[in-house]
Amino acid sequence: GPGPSSAFYTLWASSHRTTRHTRSHKTMLATRALRPLASLATRRPLSQLVVSVVGPDRGGLVSSVTRAIAAHDGNVVESSSFSIGPVFSMAMLVEAGADQHAALTSAVQSAVPGHSVSAHEAEECVEAPAFAAALDVSCADGVGLIARVTEFVAEEGLSLSKLETKTEGAPHGGAQLFSLSGVMLSKDRVNEAKLARGFKDLELEMGVNIDMCVYDEAEAVKMAA
């Protein structure tokens, strides 16, 4: 059977393994405890920046822009893009370090040298509008229609958001059809009956069809975002 020295070795080995395990466990716990502190130490204050890019449309344009943003630790929170003829336009809401705005904008411009790049800081909070309504205008195309409709909206103290216009051929040929859609917003209460009467007068004056749909409070907040 095993002698005293063998028994002593077995006891020593077991104790040594336990000690090593305990030390390893303590080291692991200490490392885990330090990780959040290290994260906090390297975290920078973030703010939001609206970056706009306008210029000739080409393949890989969006990729070039987003790579430049990512290289400066920017995160694209929201974006919108469209093309009108040969011209491409894109707007992005970017979250990045407050000290990176100038460098990030410069990097985007370097990535797309043939395009116009602009940037401005986004407001931290958007005030909920007191009034929001969808506006849809349709008619046979004519000179000055957009100017007259938007002028009336401005005279009523409203701003236009998410504005889109287009002109397309009638289904069976003939005149071009024009359409305008957007969201009217106001920080103040609006006399809806007076606004509706004004649009009715504009319909008769210009021979257009105008539809207005007032949003409820919850939808109004979404439209202002």
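Biologist: In this predicted model, is Glu203 buried or exposed?
Modeller: Glu203 has a relative accessible area of 13%. Because the cut-off for a buried residue is under 20% relative accessible area, the term that applies to Glu203 is buried.

Biologist: Which residue forms a salt bridge with Glu203, and where do the two lie?
Modeller: Both residues belong to helix α5, where they are 3 residues apart and therefore separated by about one helical turn.

Biologist: How many residues apart in sequence are the parts that the pair of Glu205 and Arg148 ties together?
Modeller: The side chains of Glu205 and Arg148 meet in a salt bridge. Glu205 lies in helix α5 (residues 192-206) and Arg148 in helix α4, so the pair ties together parts whose separation in sequence is 57 residues.

Biologist: What separates Arg148 from Glu151 within helix α4?
Modeller: Arg148 and Glu151, which form a salt bridge, both lie in helix α4 (residues 145-155). Because they are 3 residues apart in that helix, the separation is about one helical turn.

Biologist: What is the relative accessible area of Glu205?
Modeller: Arg148 is partly exposed, with a relative accessible area of 23%, and Glu151 is likewise partly exposed, at 40%. Glu205, by contrast, is exposed, and its relative accessible area is 52%.

Biologist: Where does Asp73, which has a positive phi although it is not a glycine, lie?
Modeller: Asp73 has a phi of about 60 degrees and is exposed, with a relative accessible area of 55%. Its position falls in the loop between α2 (61-71) and β2 (75-84).

Biologist: Which strand holds Lys162, another residue with a positive phi that is not a glycine?
Modeller: Lys162 has a phi of about 55 degrees and is partly exposed, with a relative accessible area of 45%. The strand in which Lys162 is found spans residues 159-169 and is β6.

Definitions and conventions. Residues are numbered from 1 along each chain as its sequence is written. This is a predicted model: local features need pLDDT of at least 70, side-chain atom pairs count only at pLDDT 80 or more; totals for chains, interfaces and linings use all residues. Side-chain values use heavy atoms; hydrogens and water are left out. A salt bridge is a side-chain nitrogen of Lys or Arg within 4 Å of a carboxyl oxygen of Asp or Glu. Helices (H or I, at least four residues) and strands (E, at least two) are DSSP runs, numbered from the N terminus. Buried means under 20% relative accessible area, exposed over 50%, partly exposed in between (1.4 Å probe, protein chains only).
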